[in-house]
2 protein chains.
Amino acid sequence: MGLMVDSIWTRSRASAPARDTLSREQIVKAAIELLDQEGLAGLSMRKLATKLASGATSLYWYVQTKDDLIDLVIDEIYGEVDVPEAELAGWRAGTLLFAHSLRATVLRHPWLPEVIYTRPSIGPKAVSLGSRGLALFGAAGFTSRDLDYAMGSVMAYVLGQASAEVAMHSAVKKSGRTVEEWTGDVMEQAKATVDDHPEMQESLRRRSALDAAQLQNEYFAFGLDSLLDGIEARLRT
Amino acid sequence: MGLMVDSIWTRSRASAPARDTLSREQIVKAAIELLDQEGLAGLSMRKLATKLASGATSLYWYVQTKDDLIDLVIDEIYGEVDVPEAELAGWRAGTLLFAHSLRATVLRHPWLPEVIYTRPSIGPKAVSLGSRGLALFGAAGFTSRDLDYAMGSVMAYVLGQASAEVAMHSAVKKSGRTVEEWTGDVMEQAKATVDDHPEMQESLRRRSALDAAQLQNEYFAFGLDSLLDGIEARLRT
DNA sequence: GAGAAACTCGCACAGTGTTCTAGTCAGCCT
DNA sequence: AGGCTGACTAGAACACTGTGCGAGTTTCTC
């Protein structure tokens, strides 16, 4: 009974490194670079090893499996997210900063949505992020379960919206055209199916009338502001 | 110039099927079954072919690549989502129904988050879903860009929250324990990193004090209600 | 009956994650 | 100094992946 779940985070190095050697940090860093350049499909143990000028199977000394490596990578990324102190910014402004930082992080690492939803994030940096987030919301007056709910809902929204953005970006990139051209293509190509749907037509037309980046910003802000309004209202009950 | 993007949706069968033959529908259906049973990693063309009692490469007559197949699969899944008519339910109730239906669909197909964020959804059923959603929000009085933003924000939140749920479920399943046991494991295992974070400790303790499913429901409802409150307020300006 | 489609599928290729095993190196003990 | 131990490297091999190719079979059309 009570057998412990053995995960990456429980293990640690036993003594000092012997000579000029590989390291987890190094491997994780290289993996992130590879992911940023070539996406999730472009990350293979062999390619990663070549990048590190080592044998492919040497990596397995530092990492149990590829999945474990990805756990490490994800946690590293969580470390890039800013969570301001409540005293400095106040809740609303602080949360906006946090949300935008999280969004920017996802956009910087577009392969993230493909992997974060396959596992809960319980690494040290993810925990630290969660903790600082809870502090921010706690300082605003949220307590007990509302505290968790509020924080979690903001994260869910931001990750969801950013993930959708990333999905579009990657499709555009794969097509090798500009965002605007791509939108046009999609409209044309989906014409047959969209024709029966007047609401969709208008929506697509609206979409192409505006600069794509600005549109995404407004999109993001609309939902975030709405959500925060709603959450804030729950504070006064 | 203006070269069309060639996608799954543009192609169509030329004439009637010849004899007792495979079909796209059949393949897609089998793929979904396989995905539900074994997850994304469990879907391979060979396994799928065996399930259909056919040769592996025969599938390539109906489907250009595995990615195309997944496009078809995703669209099929979008067909499972309910979007009520505005006249029947009204905006708020209708949106709640829609949101819960979308969430339930994701929970029914936990591999979905792993794939939806790698491509925008522009298949016929996804378009139909979007269109009916826009109709629902349009009937409530949203117009122009607010219409798109409101609808998109709700989708982003729901998908984000459901995806996070699914991430936890799959970790629990992989560990082979109950949700409650697993939560305990995680707490114990993350003790070292969590110990410096008092907010996190309380949050985790709170989490284990409540039935997991009920907690997820409350979680989901909190953010959704907040978001809808905020969106609704924007209707009156 | 001939020819053209529609459809099936075995073979092969390059690539994957990972295990196993033999090896090299650095530091410690006697 | 010599040998042992543990830290670390890495090649060979296994079972598996997606998919292009080309040859085969079936059915429809004239």
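User: Which residues touch the most other members of the largest nonpolar core?

Analyst: A nonpolar core is a set of buried Ala, Val, Leu, Ile, Met, Phe, Trp, Tyr and Cys residues joined through C-beta atoms within 7 Å; buried means that 20 or more other C-beta atoms lie within 10 Å of a residue's own. In this predicted model, the largest core has 131 residues, and Ala31(A), Val73(A), Ala31(B) and Val73(B) touch the most other members.

User: What is Val73(B) in contact with, leaving aside neighbours within four places in sequence?

Analyst: Contact means C-beta atoms, placed from the backbone, within 7 Å. For Val73(B) the partners are Val28(B), Ala31(B), Ile32(B) and Leu35(B).

User: At what angle do the axes of H5 and H8 of chain B cross?

Analyst: Helices are DSSP runs (H or I, at least four residues), numbered from the N terminus. Axes are lines fitted to C-alpha atoms over the stretch in contact, with angles from 0 to 180 degrees between N-to-C directions. H5(B), residues 91–108, and H8(B), residues 144–175, cross at roughly 35° and come within 9 Å. Among the residues in contact are Ala99(B) of H5(B) and Val158(B) of H8(B).

User: How many residues does each chain give to the contact between A and B?

Analyst: Chain A and chain B give 63 residues each. On the side of chain B, H8(B) supplies the largest share, 19 residues.

User: How are residues and chains labelled, and which pLDDT limits apply?

Analyst: Residues are numbered from 1 along each chain as written, chains are lettered from A and ligands numbered from 1 in written order. Local features need pLDDT of at least 70 and side-chain atom pairs 80 or more, whereas totals for chains, interfaces and linings use all residues.

Note on methods
Helix = DSSP H or I, 4+ residues; strand = E, 2+ residues; numbered from the N terminus. Contact = placed C-beta atoms within 7 Å. Buried ≥ 20, exposed ≤ 12 C-beta atoms within 10 Å, placed from the backbone.
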